[in-house]
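Subject: Structure handover

Hello,

Here is the structure for your files. Notes on what was found in it follow below.

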Amino acid sequence: MIESGKFGKYGGIFAPELLIPALEELESAFLKYKDDKKFNQELDYYLKEFAGRPTNLYLAKNLSQKMGCRIYLKREDMLHTGAHKINNTLGQGLLAKYMGKKRLIAETGAGQHGIATAAVGALFGMPTDVYMGMEDVKRQRLNVFRMEISGAKVIPVETGSKTLKDAINQSMRDWMTNVQDTHYLIGSTMGFHPYPTMVKHFQTVIGKETKNQILEKEKKLPDVIIACVGGGSNAIGIFSEFIQDSEVELIGVEGGGHGIDSGNHGATLCAGSEGVLHGSLSYVLQDTDGQICEAHSVSAGLDYPGVGPEHAYLHTKRRARYVNVTDSEALRGFQLLSRYEGIMPALESAHAVAYMEKYAQKPENKGKTIVVNLSGRGDKDMFLAASILGVEV
Amino acid sequence: MNFKKQKHYPGEIHPNTLETYDEMFKRLKKNKKGAFVPFIVAGDPDFETSIQIVKTLLESGADALEIGFAFSDPVADGPTIQESDLRALDSGMNTQKSFEFIKRIREFTSIPIGLLVYYNLIYKKGVDEFYKEAKKCGVTSILSADLPPEEAEEALQAAEKYNINQIFLVAQTTQKNRLDKICQMASGFIYLVSVMGVTGARKEVQNSTVDLIKRIRNHSDLPVMVGFGISKSSHVKDVIQAGAQGAIVGSAIIELISKNLDKPELMLQEIKKETSKMKEATLIEVI
Ligand SMILES: Cc1ncc(COP(=O)(O)O)c(C=O)c1O
């Protein structure tokens with residue numbers, strides 16, 4: 001490998017030997033094409049014409065008025081396939097095409113990344129297999145159908161906790177077996193190098209646009225940026241452009257599940273400890289021996305016992321602050337944004353909204369300019385939300 | 001000194017009398033045999049049955065043992081070994097009990113014992129602390145399936161400090177430069193991954209495996225043991241005839257465990273039968 005893939009001491013390449021040549025090949029292709037003019041022209045074309053970039057930075061007037069702040073929403077929910085995930089899948093899908101790979105595989109939790117990968121598989125004519133935990137298959141039936149109608153094969157994973165972590169295990173095993181013609185399209189800033197760096201690269205478009213847009217609208221940088229953190233891709237995507245601007249507060253919101261004390265949560269940075277999972281050293285939810293625990297969150301996209309290594313770095317450096325909100329608080333965020341702005345957020349993004357409300361309610365934060373990264377839309381969660389709210393649909 | 005396997009020597013561990021890989025390979029060479037190395041997960045299906053399984057493997061003529069410490073997310077392993085890990089965890093195994101398991105085995109054998117441990121279990125305990133404990137229990141070597149040379153500095157230091165062989169994997173996809181580097185770092189033996197993919201029983205040994213055995217033999221004096229996908233006595237024979245010094249067999253044995261969970265007697269019988277055949281297949285035929 002050319003680079004070590006480290007963020008401070010976090011990250012790295014904790015991969016089985018079989019995968020090393022594939023990771024070397026991927027790293028060198030990524031380093032070659034990331035600044036390649038033709039590659040970037042083509043990627044920009046698809047981001048604009050296929051995915052619908054740029055997304056708006058929308059001033060949420062009603063909420064701003066209610067909270068006494070200036071609240072902006074970065075509308076990644078308006079993207080094709082419904083979430084920021086498409087930024088990364090287009091980037092990696094195109095890279096795989098340039099590398100001459102014939103087949104895509106992906107893991108998915110909520111299904112958003114699976115759908116975005118399926119769409120790119122259809123777009124580029126590449127057969128696509130998506131691994132999805134059986135629990136998530138049940139929670140997100142509609143998304144399974146969406147992937148299948150785009151021609152992807154959804155493979156339910158029955159092992160372990162039957163959620164995202166096991167879907168990742170299974171994808172890695174597939175890749176080890178079919179490494180020559182297959183690209184493993186990891187959906188977040190996690191895994192072995194070069195994935196955390198590469199996925200971040202393809203998601204920085206969020207932060208770049210946001211910076212230009214806020215400077216145009218407010219003539220200054222925002223006071224705070226709030227994003228939800230599962231593996232950490234939408235958060236790092238919007239944070240990255242502001243990391244150097246030390247006056248901008250960066251807040252990552254993890255899935256608090258039933259609350260940290262209950263032990264049922266996905267709040268890896270808030271309540272986990274250092275460990276090696278899925279190829280990198282980062283924070284993980286684990287027992288005293290290092291056995292990985294099952295995470296819990298109402299939103300499948302935050303239901304992961306690990307987190308991207310760069311977030312571990314920002315956390316220990318105290319450049320970003322990580323908090324969590326519970327399932328029921330997130331549901332309140334979901335209702336709040338729907339009710340006041342007519343925008344239904346994904347339950348993942350609803351965590352960021354819920355924390356925004358808490359933040360804005362503090363007297364010292366009155367009048368601040370807040371950007372919330374609205375990573376996805378709520379369509380996929382409507383059945384779940386209705387059933388929690390006791391409504392039959 | 002004669003390091004013939006000492007079955008059932010009771011009492012304490014005598015580190016000085018434990019057989020090294022070097023000594024094992026020399027002993028085998030003299031007898032014109034390759035090494036048969038069975039792999040099981042410590043504590044599958046439970047601590048005591050697992051001990052009985054180890055005794056059975058020794059009776060079949062195992063030349064060394066590979067013992068896995070159960071891990072919740074064994075990404076380099078196929079479904080058979082993953083289930084084995086989960087059964088062991090369900091039966092209450094953890095790192096401390098796995099070390100106790102090794103100590104128990106050391107009460108009745110002096111042949112080399114290699115550990116297969118996912119790196120998080122080592123990292124969480126503290127690398128130095130883990131190797132120290134391993135040494136105390138009589139461990140000969142440690143292999144972490146998810147620890148390539150790039151990340152192995154700390155482990156190598158501890159391995160050297162406690163005189164434990166650090167084992168590395170080599171695969172068909174490993175390029176020449178890298179192979180050189182791994183051969184330099186490794187000690188004990190080179191673990192050759194015979195298939196593209198994860199552990200699990202396979203139908204036949206691939207030609208590319210045979211080529212790779214030759215490639216490594218040209219690169220290094222370290223003995224080569226072939227694992228992943230070796231599931232029949234004919235595979236054992238094939239890889240040894242191709243020039244490997246030994247074969248490591250996991251999934252095929254563990255399948256006999258999972259198949260006979262409610263019939264422990266039959267389980268031990270079947271393991272005895274299968275593994276005896278595998279040991280017999282290690283005889284090098286001069287053609
Ligand atoms: C809408 C949405 N937001 C956020 C996430 C969490 O992922 P990440 O932390 O990588 O942004 C997901 C994951 O599926 C998602 O679908």
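Buried means under 20% relative accessible area, exposed over 50%, and partly exposed in between, with a 1.4 Å probe and protein chains only. By that rule Asn88(A), at 0% relative accessibility, counts as buried.

On conventions: this is a predicted model, in which local features need pLDDT of at least 70 and side-chain atom pairs count only at pLDDT 80 or more, while totals for chains, interfaces and linings use all residues. Residues are numbered from 1 along each chain as its sequence is written, chains are lettered from A and ligands numbered from 1 in the order in which they are written, and side-chain values use heavy atoms, with hydrogens and water left out.

Asn88(A) sits in helix α4 (residues 85-98) of chain A; helices (H or I, at least four residues) and strands (E, at least two) are DSSP runs numbered from the N terminus. A polar atom of the Asn88(A) side chain lies 3.1 Å from the backbone oxygen of Ile186(A). Apart from neighbours within four places in sequence, Asn88(A) is in contact (heavy atoms within 4.5 Å) with residues including His113(A), Leu185(A), Val199(A) and Phe202(A).

Interface

Between the chains, 37 residues of chain B are in contact with 38 residues of chain A. Together the two chains bury about 3,000 Å², 53% of it on carbon and sulfur atoms; this area is the accessible area (1.4 Å probe) lost on putting the two parts together, summed over both. Val75(B), Lys124(B) and Glu151(B) supply 20% of the area that chain B buries against chain A, more than any other three residues.

The rule for salt bridges (a side-chain nitrogen of Lys or Arg within 4 Å of a carboxyl oxygen of Asp or Glu) finds 4 across the interface of chain B and chain A. Lys6(A) forms a salt bridge with Glu151(B), with the closest N and O atoms 3.0 Å apart. On the side of chain B that touches chain A, α3 (79-90), α5 (119-125), β6 (168-170) and α8 (176-185) of chain B each give two or more residues. The largest share, 5 residues, comes from α5(B).

Cores

A nonpolar core is a set of buried Ala, Val, Leu, Ile, Met, Phe, Trp, Tyr and Cys residues joined through side-chain atoms within 4.5 Å. The largest has 180 residues, and among the members that touch the most others are Trp175(A), Phe239(A) and Phe101(B). Helix α1 (residues 20-33) of chain A gives this core its largest share, 7 residues. Another core, of 26 residues, lies apart from it and includes Leu63(A) and Met356(A).

Regards

Methods. A polar contact is a pair of N or O atoms within 3.5 Å; within protein, one must be able to donate a hydrogen and the other to accept it, and residues adjacent in sequence count only if both atoms are side-chain atoms.
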